[in-house]
Amino acid sequence: PDLAVDSPYWDHTVIRDMGLRTCLVVPILVGNGKFAGTLNMAMKEVDALSRLDIVLIKDIATSLGIHLRSKRLQKVEAESHQMAKEFLHSLIPPSIISKIEHNWIKDSSKSIPTALNNAKDRDIILSNSEDSKEEVATARIEQIRRINRQNSSDLLTCAVTTEVPMNMENPQSDVYSSPVLYAEEKHNVSIVFVDIVGFSRIAAGVTPLKVMDMLQNLFSRFDLLCEKHGVQKLDTVGDAYIACALDDDDDENNREDDNGKSRALCCLNLAKDMVKESFKVMAPTDPEEHLKIRVGIHVGDLSCGVLGQSVPKFSVFGDAVNLAARMEQTSMPMRIHVSKQFHDLIGEDETRWEESKITSVKNMGEVETWILDPVY
C-alpha cells in the first residue's frame with residue numbers, strides 16, 4: 001500500500017513517519033509451519049518491489065526457516081549426545097574403569113597387582129586363557145572409551161561386546177560370552193535403598209507419562225544429592241532408588257582408619273536430604289499430594305563388578321545389599337530405618353535416633369534396628 005495515504009493501522013502510521021512508502025513482511029516458518037519470526041523490508045519508493053523481488057525474498061525467508069530448524073536440531077542432538085555420555089559414565093564409575101585398565105592392561109606380566117592379590121580382600125575372576133582374557137579386556141575397554149567419545153546417534157545402542165566362539169567341547173556353554181572385566185570384594189560399604197510410599201496406588205490412577213514425569217522429577221533431585229554428598233548412584237528399579245558409598249582412593253571423605261564411618265555419614269546425610277527433597281515433589285493424583293518415601297540403610301561387606309554385554313553395568317550383591325533392602329521395606333513413611341551395625345558405626349555423630357526396636361527380617365530372623373526422623 002501507499003503509506004503516504006492515511007491508514008487506519010497504527011504500524012502503518014509509524015512506518016510513514018519514518019519516510020518509508022513500501023513495506024514487505026514475510027513470515028519465517030520452521031518445522032511444520034511453526035512461526036519463528038519475520039523478514040522485513042521497507043523502502044522510500046511506492047511499489048518499489050517487483051513480483052520477482054517478492055518471490056526472491058520469500059525464498060530467502062524459507063531458507064532462513066530451514067537454517068533455523070537445522071540449528072535447533074543440531075542443538076537438540078548435541079544435548080542428546082551429552083545426556084547419553086553422562087548416562088554411560090554413570091553405568092560404570094570412572095575409578096572402576098581405571099582399575100580394570102590397571103589390572104588387565106598395564107601389567108605387562110599379566111599378574112594381579114599385590115593390592116588386589118589377596119583372595120580374602122579381592123576376588124578377581126580370571127578366564128581359562130590368559131591371552132584371550134587380556135585381548136577381550138583390551139577390546140572391551142577400548143570400545144567403552146570409544147563410545148564415550150563418539151558423537152553418533154546410536155550411543156546407547158552400540159554394543160560393547162567381544163564375542164568368543166562357543167567351546168565345541170562343551171556344547172552347553174553360551175554361544176557368545178566374554179570374561180568378566182572386574183570383580184572385587186568391598187568392606188564397610190554403606191548402602192541406601194529408597195522407594196515411594198503408595199506408588200502402585202499413584203501409578204494406577206494416572207497416565208504413564210505423568211508417572212514418568214513424577215519419577216524423573218524425583219530421581220533427578222536424588223542424582224544431584226548423590227553428587228553433592230559424594231555417594232555413587234547404583235540403579236533405579238521401578239520406584240526404587242539405590243545408592244552406595246564405595247571407597248575411592250581419590251575421595252577426601254574416605255579414610256582407611258575409620259571403618260567406613262566417614263562414608264556412612266555421607267550416606268546418612270544423603271538420606272536426610274532425600275526425605276526432605278521428596279516432599280517438594282507432587283504426586284499427579286486428584287487432589288495432588290506430596291510424595292512420601294521410605295529409606296533403609298545398612299553397612300557391611302559386599303561383592304561388586306561390571307556385568308553385561310550390550311551395555312556394561314556396575315553391580316553389587318551380597319547379604320549387606322539384601323539387608324539394606326529389608327531396612328527400606330520395613331521402614332515407615334518419611335523415616336530412615338537403619339541396621340544396628342550402621343547405627344553403632346555412626347555413634348554420637350547422630351543423636352536424634354528414636355528408640356531401637358526388634359524387626360523381623362525375611363530370611364534373616366529378628367534383628368535390632370533404629371529409626372530416624374530427619375524432619376524433626
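Visitor: Which cysteine sulfur is closest to the one in cysteine 244, and how far away is it?
Guide: That's the sulfur of cysteine 267, at 7.2 Å, which is too far for a bond. This is a predicted model, where local features need pLDDT of at least 70, side-chain atom pairs count only at pLDDT 80 or more, and totals for chains, interfaces and linings use all residues. Side-chain values use heavy atoms, with hydrogens and water left out, and residues are numbered from 1 along each chain as its sequence is written.

Visitor: Is cysteine 244 buried or exposed?
Guide: Buried, with a relative accessible area of 0%. Buried means under 20%, exposed over 50%, and partly exposed in between (1.4 Å probe, protein chains only).

Visitor: And what about cysteine 226, how far is its sulfur from the closest cysteine sulfur?
Guide: 8.5 Å, again to cysteine 267, so too far for a bond. Cysteine 226 is buried too, at 3% relative accessibility.

Visitor: How many disulfides in the whole structure, then?
Guide: The search finds 0, a disulfide being a pair of cysteine sulfur atoms within 2.5 Å.

Visitor: Switching to the backbone: which residues does the cis peptide bond join?
Guide: Aspartate 286 and proline 287, with omega about 0°. Proline 287 sits in the loop between β6 (282-283) and β7 (289-290). Strands here are DSSP runs of E, at least two residues, and helices are runs of H or I, at least four, numbered from the N terminus.

Visitor: What's the phi of asparagine 188?
Guide: About 55°, positive although asparagine 188 isn't a glycine. Asparagine 188 is in strand β3 (residues 183-196) and is partly exposed at 33% relative accessible area.
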